[in-house]
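Dear colleague,

Please keep the structure open beside you while you read.

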Amino acid sequence: MLTIHHSKQLNKEVSIAISGSKSESNRLLLLQKLYSNIQLKNISDAHDVQVMQKALQSKSEIIDIHHAGTAMRFLTAYFAFANNKNLVLTGSERMQNRPIQILVEALQKLGAEINYTKKEGFPPLQISGKSNQEDVIELHANISSQYISALLLIAPKLKNGLQIKLQGKITSLPYLKMTLQLLEKIGVEFTFENNLIVVKPKQQIQNLQYTIESDWSSASYHFSIVALAENIQLHLKHFKNNSLQGDAKLIEIYKHFGVEAKLDKGVLSLQKKPNFSLPQHIEFNLIEQPDLAQTIAVTCLGLGINCSLTGLHTLKIKETDRLQALKNELEKFGAEVKIDDKRLLLKSVHPIAKNVQIKTYQDHRMAMAFAPLATKTSLQIEDPDVVEKSYPKFWEDLQSIGFSFTN
């Protein structure tokens, strides 16, 4: 249990170096395994990424990826067509209750040999690496983009490449575009027209050095701090113009909360506009940025803004059911919250309750999203170490800003 004390006086100006994007790192680590002449810099220090690295190097017959959902999906695709690999891919109890049937069935249609060792449609998976037999697959476009990205990442190493026909509106399109843009950077040719993605085979690539951009999802908590606090300026290092990460949309979203963001020579500077008039109600469709939902909802709570967040249907199959978890914890502060399978409606309250104990549900984003509320009141975070999944230095960075804690 970590108590975060009400931090009225934060440091006026702080510089913070956030490590590389978890999303980019996991994609590039898999590509590096397929093409050994890729060199990577600024790899994320997130636990999920360390799990991915360890799994790709492992010679064990049982690989445990703990809570790392991205690793489970990407490695399922990788090992499916890694010849002569015969292993069990497993994870935590929560991971064994996160569905993976859509990806498994797609891989099976391509010729993979994958079996469930416990519950149908869920890990653990028994995988025997084979050569692919087919090169065309059809999928509903509203599934998790990680399923599609997993297939795209292995596509150039398949004998004839891969064609993916997507039906309907695509979920989390920026993450899909990120995968394709990373393929492009290593020299893989593809087309993406009318929901048909065609990836051409490429067995060898030229030597490549790539510096991974810092993580915009991790930056979101600092946007929230600046929105909630008074008279603070944060400088976040190692960000890029024309980012591949969909969560760079933060710059546009947080303008609604009065946060000015300027990116100059890799440094992202954040400060609050003086005398900014906050809206009473705000609406966002986060279908392309679902990982920002918790941060935005908590920011609205702290500022006394009512909000409507839509496009959230993938949140129910994350580390926890994030919609239900958000409802549970926001209501502890006195807010009224309504949810359905893809939407959250928040009726805020002022003042918010004090000394609330936040349950994290083994979800890193629950801990980090609620922490900025210490600008308004003291609160307690259960299982604070859960942040190691994506942002191990989170509490250290908050301390540098001026937050104070007791265990």
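Two strands count as a pair if DSSP finds at least two bridges between them. Please bear in mind that this is a predicted model.

Strand β2 is joined to strand β13 (residues 233-237) by 5 bridges, and the two run parallel; within this pairing, S15 stands opposite H235 in β13. Helix α12 (residues 394-401) packs on the sheet, where it touches β2 and β13, and its direction makes about 160° with that of β2.

The sheet as a whole is open, with 4 strands in the order β2-β13-β15-β14 and mixed pairing. Because β2 (13-17) and β14 (259-264) stand at the edges and have a single partner strand each, one side of each is left without a neighbour in the sheet. On average, neighbouring strands of this sheet are turned by 20° against each other, if direction is ignored. Helix α7 (residues 216-228) lies across β2, β13, β14 and β15 (267-272), and runs at about 25° to β15.

Now to the helix: which residues of α2 are buried? In α2 (residues 47-57), these are D48, V49, V51, M52, A55 and L56, and they lie on the same side of α2 because they cover an arc of only 155° around the axis. K54 and Q57, on the other side of α2, are exposed. The buried residues of α2 pack against α1 (22-34), β4 (62-64) and α3 (69-80).

Technical notes: Residues are numbered from 1 along each chain as its sequence is written. This is a predicted model: local features need pLDDT of at least 70, side-chain atom pairs count only at pLDDT 80 or more; totals for chains, interfaces and linings use all residues. Side-chain values use heavy atoms; hydrogens and water are left out. Axes are lines fitted to C-alpha atoms, for helices over the stretch in contact, and angles run from 0 to 180 degrees between N-to-C directions. Contact means heavy atoms within 4.5 Å. Buried means under 20% relative accessible area, exposed over 50%, partly exposed in between (1.4 Å probe, protein chains only). The arc is that of the directions from the helix axis to the C-beta atoms.
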